[in-house]
Amino acid sequence: MAVRAQPRIERTAAETLARARDHLLQIVTRHQRDEVALVGLQDLRELLRDHKFQTDVAIQRGEATVTLPQFRIIGIGQNVEDATEDALAKLREYTLQYLERLEFYRHTDRRDLYPLVVRFLATPEDEQAELLLEPETVETEPAVA
């Protein structure tokens with residue numbers, strides 16, 4: 001594995017990972033044509049933090065919905081917590097499908113969802129609900145009596 005931090009320096013995988021973890025972007029090249037960028041997970045999360053999920057929350061007599069209009073996903077439950085869990089389950093399924101069919105989505109109106117998909121998948125599962133409920137991105141409809 002060759003790392004292009006400087007021209008054609010050979011590094012071990014452990015050295016490359018350590019450098020990425022230390023906030024140094026690593027370009028890894030194989031056979032002088034296949035290139036990938038290796039970046040620390042915390043750095044990736046920081047790079048994607050401004051990509052926000054739009055979330056609409058509605059509560060009506062005994063039912064709540066959490067809608068993710070960017071993904072055309074609607075979570076339904078008896079309360080906001082249940083509706084959020086339903087939306088999260090659907091979003092997890094969607095993001096995996098999105099990556100499996102990335103080449104297809106790159107040619108559709110959903111190509112711009114890629115940063116959100118990566119942000120979601122790079123977030124620990126127990127923190128993913130927070131992505132959907134960031135205060136500045138949530139619109140709540142008034143409750144109907």
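Valine 80 touches Val57, Ile59, Ala64 and Val66, leaving out residues up to four places away in sequence; contact here means heavy atoms within 4.5 Å. This is a predicted model, in which local features need pLDDT of at least 70, side-chain atom pairs count only at pLDDT 80 or more, and totals for chains, interfaces and linings use all residues. Residues are numbered from 1 along each chain as its sequence is written, and side-chain values use heavy atoms, with hydrogens and water left out.

Valine 80 sits in helix α3. Helices (H or I, at least four residues) and strands (E, at least two) are DSSP runs, numbered from the N terminus. From valine 80 to proline 115 the C-alpha to C-alpha distance is 26 Å, across 35 residues of sequence.

**The sheet**

The order β7-β6-β5-β8 describes an open sheet of 4 strands with mixed pairing. Strands pair if DSSP finds at least two bridges between them. β7 (73-77) and β8 (138-140) are the edge strands; each has a single partner, so one side of each lacks a neighbour in the sheet. Neighbouring strands are turned by 20 degrees against each other on average, direction ignored. Axes are lines fitted to C-alpha atoms, for helices over the stretch in contact, and angles run from 0 to 180 degrees between N-to-C directions.

β6 and β7 run antiparallel and are joined by 5 bridges. Leucine 68 has isoleucine 73 of β7 as its bridge partner. Helix α3 packs on the sheet and touches β5, β6 and β7; its direction makes about 145 degrees with that of β7.

**Two residues compared**

Buried means under 20% relative accessible area, exposed over 50%, and partly exposed in between (1.4 Å probe, protein chains only).

| Residue | Relative accessible area | State |
|---|---|---|
| Threonine 55 | 0% | buried |
| Valine 80 | 26% | partly exposed |

Threonine 55 belongs to strand β5 (residues 55-60). A polar atom of its side chain lies 2.5 Å from the backbone oxygen of leucine 132. Beyond four places in sequence, the contacts of threonine 55 include Leu68, Leu132 and Val138.

**The core**

The largest nonpolar core has 21 residues. Such a core is a set of buried Ala, Val, Leu, Ile, Met, Phe, Trp, Tyr and Cys residues joined through side-chain atoms within 4.5 Å. Among those with the most contacts inside it are Phe53, Leu68, Ile73 and Leu91. β6 (63-68), α3 (80-100), α4 (102-105), α5 (114-122) and α6 (128-132) each supply at least two residues. α3 gives the most, with 6 residues. Leucine 91 is in contact with Phe53, Leu68, Phe71, Ile73, Phe120 and Leu132, neighbours within four places left aside.

Key
A polar contact is a pair of N or O atoms within 3.5 Å; within protein, one must be able to donate a hydrogen and the other to accept it, and residues adjacent in sequence count only if both atoms are side-chain atoms.
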